[in-house]
Amino acid sequence: MGSTILEIKLSPADLHNEEALRRAVLRQGSLAPADVGEIHVERRSVDARGRPVFRLRVSILPPGEERSPETPYSSLFKDVSDAPEVVIIGCGPAGMFAALELIELGLRPIIIERGKDVQARRRSLRAIQQFGEVDPNSNYCFGEGGAGTYSDGKLYTRSLKRGNYLKALHLLAEHGAQPDILIDAHPHIGSNKLPKVVANMRQSILDYGGDIRFGHRLIELERTKEDIQALIITNEAGEDYRLTASAYIFATGHSARDVYHLLHRHDIRMEAKPFALGVRIEHPQALIDKIQYRQEQREENLPASSYKLVTQVKDRGVFSFCMCPGGLVVPASTAPGEIVVNGMSLSRRDSPYANSGTVVAVELEDLKPFAKHGVFAGLEFQRSVEQTMFQASDGSQRAPAARLTDFANGRVSSSLPETSYIPGLISSPMHELLPSSIYSRLQQGVKDFSRKMKGYFTEEANVIGTESRTSSPIRIPRNRETFQHPDLNNLYPCGEGAGYAGGILSAAMDGQNVAQAVFKCVVR
Ligand code: FAD
């Protein structure tokens, strides 16, 4: 006899109570105790439409039956010490998952990463947070695990069809992520757990014969009409060397502006693409909980609540992005002289703040004032806003901000609410600092949001600039089936920086897909 699948509801207080779960299964499934053996939770989500409850999909085994253990994906890894080599530039989710996939397929990955390993990277993050010093090679975007390491670690994606997301989730769990990510509808790891997961993935890559070189940066390439001949890499000591391999995966993320310029110098085709830009808005978490759960105080076991808001203003989407309940706003600049913010959270999501990117879609036709920059129009637009914000500040990473109500009314705030942003905020004329095409839409957008979510529009929220690195403003084209660049046979654009992913999980899946394409080509 096989298992029975059942959808049940459980009150938050009973979430970790096995007896209550059994009672709920018997009652809601109209089952007799003699028919119910092991119960496994397969899926879990919060339903806050009425009084908040957990909705669980459970599988029930007949008494005496046991579930056979699953074969771990990591058991498929092979020793690749002597296998053909593939160079991967960038040790973000795309690069790391590409490396693990290559190891499974029997190819040897060599990862080149400009930043430091997760441990050493912490010092660079402290320097940004406390002293406003941005290291262009080691920051919230650059270093082991890429932008995904000190991030929020939300793992859901809208692009499930793009790859094997379950495999990516299982590999994260096999490398130390909480097993809950396998059942939660909105899985989340948290930036206190991610560094360990990333370090364990590094260990797997090294154990099976791969190579990872931190503090090594791609600076030049040699090409013929059809191929990359070699890459020129510089190490921390400033020594340059030539690197050759069967194939080159470029997974350098959306903030490696030098890499786009390198490709451009070598006449390697790229395309401008739409992206989004705006601000990060931070509310007290208790207020968001009150709105979403309709409870004065959030019930035990309920997660910090989130929201997702979208509207249309003057033909452009205005939407919340990368919401971090119980999170922190962080300085995500990758070069001195700019201010970029983003959001992250710890696994418990227990900070008193809720923050979310609130951005306006930027279409190619909006970039006319930057047309002289050609394919770099979007990138230069991003940069100009980031630099304007920096100039409005005091030379540190203090971020320009306004109360939400003042922002919408085009006023400078006389004081600002408390914030999670460690470098601090500086009250500023946000309505003047943002380009008018962005500001006017955000101004209307937040008013629309307040109609959808009563209580959202409050003077207790901070509007912080700039949320500019939502996605890449540039795409590096590739063949749909072979994933090869149309100009160069052995160049494989990959991940968010190439324009094929928007988040940790989609970047990871893209890395896996690209590795499979490389394998098909290299072993042909
Ligand atoms: P990246 O992660 O950007 O990695 C690229 C790597 O390439 C970097 O490590 C960089 O140092 C390296 N590199 C660049 N140039 C060179 C060079 N010349 N030589 C050598 N190495 C180079 N996404 C989610 O899905 N959920 C979240 O909760 C979430 N929260 C986030 C929070 C923050 C603070 C930030 C910054 C991002 C967050 N994101 C989140 C986005 C997510 O991190 C990215 O979408 C994802 O990391 C992209 O993966 P990637 O591998 O394509 O590129």
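**Buried sites, helices and a ligand shell**

Colleague: What makes the link between the side chains of S396 and D394 a polar contact?

Modeller: In this predicted model, the side chain of S396 makes a polar contact with that of D394 at 2.6 Å. The term denotes a pair of N or O atoms within 3.5 Å; within protein, one must be able to donate a hydrogen and the other to accept it, and residues adjacent in sequence count only if both atoms are side-chain atoms. The distance of 2.6 Å therefore meets the cut-off. A polar atom of the S396 side chain also lies 3.0 Å from the backbone nitrogen of R398.

Colleague: On what basis are such values computed?

Modeller: Because the model is predicted, local features need pLDDT of at least 70 and side-chain atom pairs count only at pLDDT 80 or more, while totals for chains, interfaces and linings use all residues. Residues are numbered from 1 along each chain as its sequence is written, and side-chain values use heavy atoms, with hydrogens and water left out.

Colleague: Why does S396 count as buried?

Modeller: Its relative accessibility is 19%, and buried means under 20% relative accessible area, exposed over 50% and partly exposed in between (1.4 Å probe, protein chains only). S396 is therefore buried. The residue sits in the loop between α8 (377-392) and β18 (399-403); helices (H or I, at least four residues) and strands (E, at least two) are DSSP runs numbered from the N terminus. Apart from neighbours within four places in sequence, S396 is in contact (heavy atoms within 4.5 Å) with I339 and F390.

Colleague: How do you know whether D366 is buried, exposed or partly exposed?

Modeller: The relative accessible area of D366 is 29%, so this residue is partly exposed. D366 belongs to the loop between β17 (353-362) and α8. Its side chain reaches the backbone nitrogen of E363 at 2.8 Å. Not counting residues up to four places away in sequence, D366 touches R316 and A361. D366 and G378 are 12 residues apart in sequence, and their C-alpha atoms are 9.1 Å apart.

Colleague: What makes the phi values of S30 and F483 worth noting?

Modeller: Most residues other than glycine have a negative phi, and most peptide bonds are trans. Phi of S30 is positive, near 50 degrees, and phi of F483 is positive, near 65 degrees. S30 lies in the loop between α1 (18-28) and β2 (39-47) and is exposed, with a relative accessible area of 66%. F483, in the loop between β21 (474-475) and β22 (491-493), is buried at 14%.

Colleague: Which peptide bond is cis?

Modeller: The bond joining G465 and T466 is cis, with omega about 5 degrees. T466 lies in strand β20 (residues 462-467).

Colleague: How do you know that the span of helix α11 agrees with its number of residues?

Modeller: The expected span is 1.5 Å times one less than the number of residues. For the 17 residues of α11 (residues 436-452) this gives 24 Å, and the end C-alpha atoms are 24 Å apart, so the two agree. Buried residues of α11 include Y439, R441, D448 and F449. Helix α2 (residues 93-105), with 13 residues, reaches 18 Å from its first C-alpha to its last, close to the 18 Å expected.

Colleague: Why is α2 described as largely enclosed?

Modeller: Of its 13 residues, 12 are buried, so α2 is largely enclosed by the rest of the structure. Among them are P93, M96, F97 and E104. The buried residues of α2 pack against β4 (85-89), β5 (108-113), α4 (165-174), α5 (194-207), β10 (247-250) and α12 (504-522). G106 follows α2, with a positive phi near 95 degrees.

Colleague: Which residues around the ligand come nearest?

Modeller: There are 37 residues around the ligand, and A94, E113, A147, E496 and I504 come nearest; a residue belongs here if one of its heavy atoms lies within 4 Å of the ligand. A ligand nitrogen is 3.0 Å from an N or O atom in the side chain of R114, and a ligand nitrogen is 3.3 Å from a polar backbone atom of D152. A ligand oxygen is 3.0 Å from a polar backbone atom of G503. The protein covers 95% of the 1,000 Å² of accessible area that the ligand has on its own, by the Shrake-Rupley method with a 1.4 Å probe.
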